[in-house]
Every structure is written in C-alpha cells, then in structure tokens.
Amino acid sequence: MFKKEKFKIIILSLIVLACAFVWYAVYREDRHGVLTVSFLDVGQGDAIFIDAPNGNQVLIDAGPDKKVLRSLSEVMPFYDHEIDLIALSHPHTDHIAGFLDILPRYLVSGFIESGVSAKTPEYISLKKLTGENNIKEIEALRGMKIDLGGGATMDVLLPGQNSSKDNPHEGMMVLRLVYGDTSFLLTGDLENATEDMLVYLEGENIKSDVLKVGHHGSKNATHPMLLGNVKPEYAVISVGVKNMYGHPATETLERIEKFEIPVLRTDEEGTITIKSDGEKIIVLP
Ligand SMILES: [Zn+2]
C-alpha cells in the first residue's frame, strides 16, 4: 500500500513537471513583441543570431569552429534544436566553418548565401550537408525581402546583379534587418569599393540603429561616407582576442570615434545582445 502511494506521488510530480515544462516552453516561444539580435562570441569570426518577435530564428554566419555551439546554447532555449534560416555572408572560414558543427545538431529549414561559391573543403561539406538535409537553398540578390515574421523583415542590399561571383568580399551579402522604427545593418566582411557601392546605391536609406562593422574592423572598411549615412547608435565589432590580423585597426576605431558612435566589441564583452520593441533598441548588460 505504502509503495503504491509513493508510486502515485512520483507519477503526479512527473505530470506537474511536464505541465510546468510545457508552460515554460509556451512562455519562451512568445517573445512579447520583442526582436533579439545576438552578436555571438565566436573568437575571430562572425556569427549573428536573430530571434524574431514570433520566435522564428536566423543564424547569419557561424564563426570559425565549434565555439558557435556553446555561444548558441547561451541564447537559445535548451530544448530548441531548430533554426529556421541560416545565412552565409561569404564563404570564408571564419564565417562558414561553424555551420559544419551546427547542421548535424540543429534542424534547419532554409539556407541563403551570397552566390559566391568556393572550392574549399568547408564550402563543399556545407553544400553536401544542406543537400542531404533537404534544406531549401536561396541565392541572395539585391531587392529581396525576407519576412522573418512578427513584423521583422530582412532586406538584401547586396550582392547586386553585377556583383562578383568569384571574390567573396566583393560579392558580399549585406542585409538590413528592420523591425518597426529600428534597424540593424549587417555587413559581413564588407570593405573598399563594395562598401562605397553600397553607399552609392542606398545613400541615407542605410540609416540604421546598429552597424555590424565590416570585416572585423579592418582598416579597409567603415569609411566616413558609410558612417555618415548609417549614423548608428552603436557600432558592433565581431573580433577575436589578440587576433593575428590586428583587428580592429586603430584608424577604423578613430574614424568611428570621430562620429561619436559607441563601440561594442565581442573580444571585450563576449556575446553582445541587443533587443528591439520596434520603437527603440536596448543593449543588454
Ligand atoms: Zn571574416
């Protein structure tokens, strides 16, 4: 009799736990009208996780290695192993390689890339994985608008019709994430003439609250023409501690400073999370 009672209690507590979990999951899926963008700490590389107001999720680039798994697990609920869309700004190792650890562990629905392919083992492996997993593939082109749901959209600003199909930096995918009055300009490794072209094409339309600084703060990116048109509230630099390239360059930091734009760096802060309610952005402490 005593044993039976104990059994009942165990069953009951399991049911209570299961209910609590379901409610927790429901609560977590409802973002209460908030868009969250996390610039993940992946060392020297880029990885940006977007959590749309309706719970749809996008991962833009995945850093140089499996470090992205740990950073992702810090911004995604532990039970969530689905990512709606992955995006590759360009096929360089410090942006692509982490996807090879993501794809075997997460169920991914779509893949958007710049249209510049590569003969590297990482690119070949990624394409093999997207094919095997029946992931819908899209080639980005200027003018496309990706509806993330919940009112958030992502505009493809580059590549254009005439962009390079061979040079990863010249054929860069540049995205502008928009939610209500707030926006994020996500530039990948944009630099030099391609950056000038973006400014020429868009002018003040690239005004954004957050600028993901091009090419880890390299001296060849983030010129006054870009800064003057984007006029961001914050500039985010995704960069590794004591990296071998000397990123970010002193001259780039000085250019940003002249515009009095606060800089947030992943080598100093770790993962940087910014939330938007559609009216204003907040950087999480
Ligand atoms: Zn890079």
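## Lysine 212

Lysine 212 sits in strand 11, residues 210-212. Strands here are DSSP runs of E with at least two residues, and helices are runs of H or I with at least four; both are numbered from the N terminus. This is a predicted model: local features need pLDDT of at least 70, side-chain atom pairs count only at pLDDT 80 or more, and totals for chains, interfaces and linings use all residues. Residues are numbered from 1 along each chain as its sequence is written.

Is lysine 212 buried or exposed? Lysine 212 is buried, because 27 other C-beta atoms lie within 10 Å. A residue counts as buried with 20 or more other C-beta atoms within 10 Å of its own, as exposed with 12 or fewer, and as partly exposed in between; C-beta atoms are placed from the backbone.

Which residues does lysine 212 touch? Leaving out residues up to four places away in sequence, they are Phe39, Ile48, Phe184, Leu185, Leu186, Thr187, Val236 and Ser238. Contact means that two C-beta atoms, placed from the backbone, lie within 7 Å. Take leucine 185: it is 27 residues from lysine 212 in sequence, but the C-alpha atoms are 6.1 Å apart.

## The nonpolar core

A nonpolar core is a set of buried Ala, Val, Leu, Ile, Met, Phe, Trp, Tyr and Cys residues joined through C-beta atoms within 7 Å. The largest one has 66 residues. Ile48, Leu59, Val174, Leu175 and Leu177 touch the most other members.

Look at leucine 177. Beyond its neighbours within four places in sequence, its contacts are Val37, Ile50, Ala152, Met154, Ser183, Phe184 and Leu186.

## Helix 6

Helix 6 covers residues 192-202. Its buried residues are Thr194, Glu195, Leu198 and Glu202.

The face turned away from the buried side carries exposed Ala193 and Tyr200. Just after helix 6, glycine 203 takes a positive phi of about 50°.

## The whole chain

The chain has nine helices and 15 strands. Of its 285 residues, 44% count as buried. Among contacts with a separation of 6 or more, 67% join residues 24 or more positions apart. The C-alpha trace spans about 80 × 40 × 35 Å along its principal axes.
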